[in-house]
Amino acid sequence: MNQMKTVNELNRTFPNPIFPNPIFLNLINIAEREANMPQFNLISFDLCPYVQRSIITLLEKDIEHERTYIDLKNKPDWFLDISPTGKVPVLKVSDQGPVFESAVICEYLDEITPGSLHPKASFEKARHRSWIEFGSGILNSIGGFYSALDLEQFQKKQQELKQKMERVEDVIVGPYFAGSDFHMVDAVYATVFRYFNVIDRISDFGIFEHTPKLKVWRSTLNQRKSVKEGVLDTYETRLLEFFQNKNSYLSTLIAQY
Ligand SMILES: N[C@@H](CCC(=O)N[C@@H](CS)C(=O)NCC(=O)O)C(=O)O
């Protein structure tokens, strides 16, 4: 409705131009595109990194949306009805239905809006997607790290994380993954690095010891607006609580610090 009003307002301001003004036409295109854009509701959980990458994509592509946060320990029936995997994120697209799996959601959002968060060239795009997949693997290692029950498992995961970070160090350009432009792969690693804003408060586990480029990348991402706005204000407190309640080796370290 609002967007249609914008078109009408524009028509009043520039009545029947004989020679269509390109700026005017462009404004109309934008207004029409926005008017035709479906309404989006991202079903979310406040600590989920896969939700965060979808939010960062929504924000980077300037897409109006709502978010509904649910409690994963007590999943509502309406959520289970639309989420065959029982996992967040799910993107509800007005008139069309739900889409699930963060990679699919991000690619869809990228496709329906101008510009792209992927490189144009097919090989480069494929390479970015490969490292996105690797980023999801790092998230699994982080899960293993905070859930490890004893010192031996904990150190194994710590080593695994260090090695994975060193592999990424070898391929990044800096300050972002591929240089000065932000891509979808950056959104994924922003959510990986965010864990360490809390983990570093517990102790220095040396995960970034041999990765100077990653350190710069991490701090560049931490300062980016979409990344900052990708979580609620309570994120760090909630994540620390989540670690504390895990009854894991990391929980015992938190109790000591
Ligand atoms: N491959 C999925 C992973 C999503 C995922 O693991 N979500 C977690 C929260 S971070 C979840 O919903 N877990 C609930 C459950 O497994 O019951 C994606 O990329 O969307």
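Trainee: Which residue in E2 is the bridge partner of Ile 43?

Mentor: This is a predicted model, where local features need pLDDT of at least 70, side-chain atom pairs count only at pLDDT 80 or more, and totals for chains, interfaces and linings use all residues. Residues are numbered from 1 along each chain as its sequence is written. Strands are DSSP runs of E, at least two residues, numbered from the N terminus; helices are runs of H or I, at least four. In E2, Ile 43 bridges to Thr 68.

Trainee: What is the handedness of the β-α-β crossover from E1 to E2?

Mentor: The chain leaves E1, passes through helix H3 (residues 49-60) and reaches E2. With the strands pointing away from the viewer, a clockwise path from the first strand over the helix to the second counts as right-handed. This crossover is right-handed.

Trainee: How many bridges join E1 to E3, and do they run parallel or antiparallel?

Mentor: Pairing requires at least two bridges found by DSSP. Ile 43 also has a partner in E3, Val 90. E1 (residues 40-44) and E3 (residues 90-93) are joined by four bridges and run antiparallel.
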